[in-house]
Amino acid sequence: MNNLFKNTVKDNTASLHHLFQSLLFSKIAVPDMSVQNNFFGNDKMHEDIEGANDTLLKFQKQNPNALLANGYLEERAFYNTERFEREVTSGKEYRNIHLGTDFWVPAGTPIYAIYDSEVVISHHNDFHKDYGPLLVLKHQLNNTSFYTLYGHLSIDSLALSPEGKHIKKGELIAHIGNEEENGHWAPHLHFQVITDLLGETENYNGVAFPSEIEKWKKLCPDPSLLFIENF
């Protein structure tokens with residue numbers, strides 16, 4: 001499926017300016033949030049949202065005119081919690097490999113469809129460090145179907161894009177949520193590409209166990225394949 005997907009989107013790439021029509025940017029900057037870099041300092045679990053926002057603002061000021069995008073297959077310390085752990089023979093394993101791209105943009109930022117779509121999931125995953133409001137859109141290109149996932153949205157995004165709605169390319173689909181509604185994260189969009197929903201109707205893994213990463217790489221290709229920009 002991955003080769004078929006890559007060949008399909010290669011001739012149907014979009015621009016990040018289509019996804020974020022209200023933002024002005026001329027380049028992409030990539031903050032390193034891997035366990036090795038300790039981007040958020042002492043806030044390894046990403047619980048100090050005010051501090052996280054200050055860190056992101058500082059990075060943005062160091063990278064003017066840039067869209068902040070990062071995270072595909074990045075191992076992150078802030079998933080090393082009980083919510084993302086399981087027992088294995090060697091001890092504990094954490095679901096800490098990030099399967100999408102995060103775009104660190106302000107709360108309220110509008111998001112637009114990059115392809116004609118059908119909303120197949122529109123659900124509030126109202127748990128601490130979950131997605132909060134989540135949309136999954138189904139796309140059909142050259143007889144190939146795939147999905148894009150949008151996490152950490154505003155509550156009103158679910159009414160804007162209810163399940164079953166058909167959406168045209170360029171249409172408004174959602175807004176970025178604030179930390180009180182988005183699962184308690186610094187505002188950002190978790191954007192993920194999916195080739196098989198595995199029967200899910202409300203949620204979908206956004207991070208994977210390291211021991212299962214080869215499986216999840218096939219299910220969730222690199223989101224940058226969809227865009228003409230490099231990130």
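What volume does the largest pocket have? About 320 Å³. Before going on, some ground rules. This is a predicted model, in which local features need pLDDT of at least 70 and side-chain atom pairs count only at pLDDT 80 or more, while totals for chains, interfaces and linings use all residues. Residues are numbered from 1 along each chain as its sequence is written, and side-chain values use heavy atoms, with hydrogens and water left out.

Now the term pocket. On a 1 Å grid over the protein atoms alone, a pocket is an open set of points where a 1.4 Å probe fits, with protein on both sides within 12 Å along at least five of seven lines; lining residues have an atom within 4 Å of a point. Grid points are joined across faces, edges and corners, and the volume is the space filled by probe spheres set on the points.

Back to the largest pocket. Its lining has 15 residues, and Gln-60, Leu-68, Trp-104, Val-105 and Pro-106 lie nearest the centre. Helix H3 (49-62) and strand S2 (66-70) each supply at least two of the lining residues, and H3 gives the largest share, four residues. Helices (H or I, at least four residues) and strands (E, at least two) are DSSP runs, numbered from the N terminus. By class, the lining has twelve nonpolar, three polar and no charged residues. Here Ala, Val, Leu, Ile, Met, Phe, Trp, Tyr, Cys and Pro count as nonpolar, Asp, Glu, Lys and Arg as charged, and the others, Gly among them, as polar.

The second largest pocket holds about 260 Å³. It is lined by 17 residues, and Phe-84, Lys-129, Asp-130, Tyr-131 and Gly-206 lie nearest its centre. That lining has six nonpolar, seven polar and four charged residues.

Next, the sheet. In what order do the strands of the open sheet of eight run? The order is S1-S2-S6-S13-S10-S9-S8-S11, with mixed pairing. Two strands pair if DSSP finds at least two bridges between them. Strand S1 (27-29) and strand S11 (166-167) are the edge strands, each pairing on one side only.

Strand S8 (residues 117-125) pairs with S9 in the antiparallel sense, over seven bridges. S8 and S9 form a hairpin with six residues between them, and in the turn Lys-129 has a positive phi of about 65 degrees. Lys-129 also came up among the residues nearest the centre of the second largest pocket.

S9 and S10 are antiparallel too, joined by eight bridges. Leu-137 has Thr-148 as its bridge partner in S10, and Lys-138 has Tyr-147. Two residues lie between these strands in the hairpin, where Asn-142 takes a positive phi near 50 degrees. Asn-143, in the loop between S9 and S10, also has a positive phi, near 65 degrees, and is not a glycine. Is Asn-143 buried or exposed? Asn-143 is exposed, with a relative accessible area of 76%. Buried means under 20% relative accessible area, exposed over 50%, and partly exposed in between (1.4 Å probe, protein chains only). S9 itself is mostly covered, with eight of its ten residues buried.

Another non-glycine with a positive phi, about 60 degrees, is Asn-38. Asn-38 sits in the loop between S1 and H3, and at 36% relative accessibility it counts as partly exposed.

Phe-146 lies in strand S10 (residues 144-151) and is buried, with a relative accessible area of 0%. Leaving aside neighbours within four places in sequence, its contacts (heavy atoms within 4.5 Å) include Phe-5, Val-9, Tyr-115, Leu-137, Val-193 and Leu-226.

Last, the cores. A nonpolar core is a set of buried Ala, Val, Leu, Ile, Met, Phe, Trp, Tyr and Cys residues joined through side-chain atoms within 4.5 Å. The largest has 32 residues, and those with the most contacts inside it are Leu-19, Phe-103, Ile-111, Tyr-150, Leu-189 and Leu-226. Elements giving two or more residues to this core include helix H1 (2-10), S2, S9, S10 and strand S13 (189-194). Apart from it lies another core, of 17 residues, among them Tyr-131, Ile-194, Leu-219 and Cys-220. As for Ile-111, its contacts beyond four places in sequence include Leu-19, Tyr-150 and Leu-189.
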